Amino acid sequence: MRLTHTYLATTAAWRPGDNRTYAHGYEPDAAHLGPLLPPGMPPGTSFAGLSHEDHVDTTGINPSWAWAAGAVVSTAADWARFDTALMSGELLPPAQLRQMRTTVPEDPAAPEATRYGLGLEEVRTPCGTVWGHTGGIPGYASQNYTDSTGHRTVAILTSTVFGLSEPKVAARYRPLVDAAVCRMLGKPVPGTATQSTALPG
């Protein structure tokens, strides 16, 4: 599939921080992280890294501890290539793709929200249902989606995970994702009166 910029960080030999290659990741410092953590976390919990105003540069954290859940290092272009190959039927036989797309609710209390199959999320948005996956590790988060045929794709990449839970950021992040998906599907962005032009996948 020519995923030329995707690899699995499996050892401590992985070295991030090359400004020509990697975006730096940031998380809130201890004072700002505390309110975003689950109850019971020790006071002062924070990430290792250089301080940068009220954030910590987490770029140097070795992602191999997360194995495939977080140690897959990739790019938006490679994800688009993979999603297109998967959902168009190029990658798997039809029966296997049907199994991946057989989903159950992630939250039984909200069965119409995000559903999960075999490594594939089915996400309901204001502009329609999309397929794909999310990813997250300290300093980095991604949402990668495609339409049901793999013809259109979109990636939303951020240089923080916990920072997305900050109230002001959270209030703006969901509309941003919805707008990106709507543009991808060629539908009007919620809250606007104009028709958006679909971005090429």
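1. Asp78 counts as buried because its relative accessibility is 1%, where buried means under 20% relative accessible area, exposed means over 50%, and partly exposed lies in between, with a 1.4 Å probe and protein chains only. The model is a predicted one, in which local features need pLDDT of at least 70 and side-chain atom pairs count only at pLDDT 80 or more, while totals for chains, interfaces and linings use all residues. Residues are numbered from 1 along each chain as its sequence is written, and side-chain values use heavy atoms, with hydrogens and water left out.

2. The side chain of Asp78 meets that of Arg81 in a salt bridge, at 2.8 Å from N to O; the term stands for a side-chain nitrogen of Lys or Arg within 4 Å of a carboxyl oxygen of Asp or Glu. Arg81, with a relative accessible area of 32%, is partly exposed.

3. The search of the whole structure finds 4 salt bridges, and another of them joins the side chains of Asp178 and Arg174, at 3.2 Å from N to O. These residues lie 4 apart in helix H4, so they too are separated by about one helical turn. Asp178 is buried, with a relative accessible area of 13%, whereas Arg174 is partly exposed at 39%. Elsewhere, salt bridges with shared partners connect Arg115, Glu122 and Arg124 into one network.

4. Arg124 has a relative accessible area of 34% and is partly exposed, while Glu122, at 11% relative accessibility, counts as buried.

5. Which cysteines form a disulfide? The pair is Cys127 and Cys182, whose sulfur atoms are 1.9 Å apart, and the rule, which asks for a pair of cysteine sulfur atoms within 2.5 Å, gives a count of 1 disulfide. Cys127 sits in the loop between strand S8 (121-125) and strand S9 (128-137) and Cys182 in helix H4 (residues 167-185), so the pair ties together parts that are 55 residues apart in sequence. The torsion about the S-S bond is about 95°, so the disulfide is right-handed, and both cysteines are buried.

6. The buried residues of H4, including Tyr173, Val177 and Cys182, pack against S8, S9, strand S10 (140-146) and strand S11 (153-158). Just after the helix, Gly186 takes a positive phi of about 70°.

7. The largest nonpolar core has 16 residues; such a core is a set of buried Ala, Val, Leu, Ile, Met, Phe, Trp, Tyr and Cys residues joined through side-chain atoms within 4.5 Å. H4 supplies the largest share of this core, 7 residues. Among the residues with the most contacts inside the core is Val130, which touches residues including Tyr145, Val181, Met184 and Leu185, where residues up to four places away in sequence are not counted and contact means heavy atoms within 4.5 Å. Apart from this core lies another, of 6 residues, among them Met87, Met100, Leu120 and Trp131.

Notes:
Helices (H or I, at least four residues) and strands (E, at least two) are DSSP runs, numbered from the N terminus.
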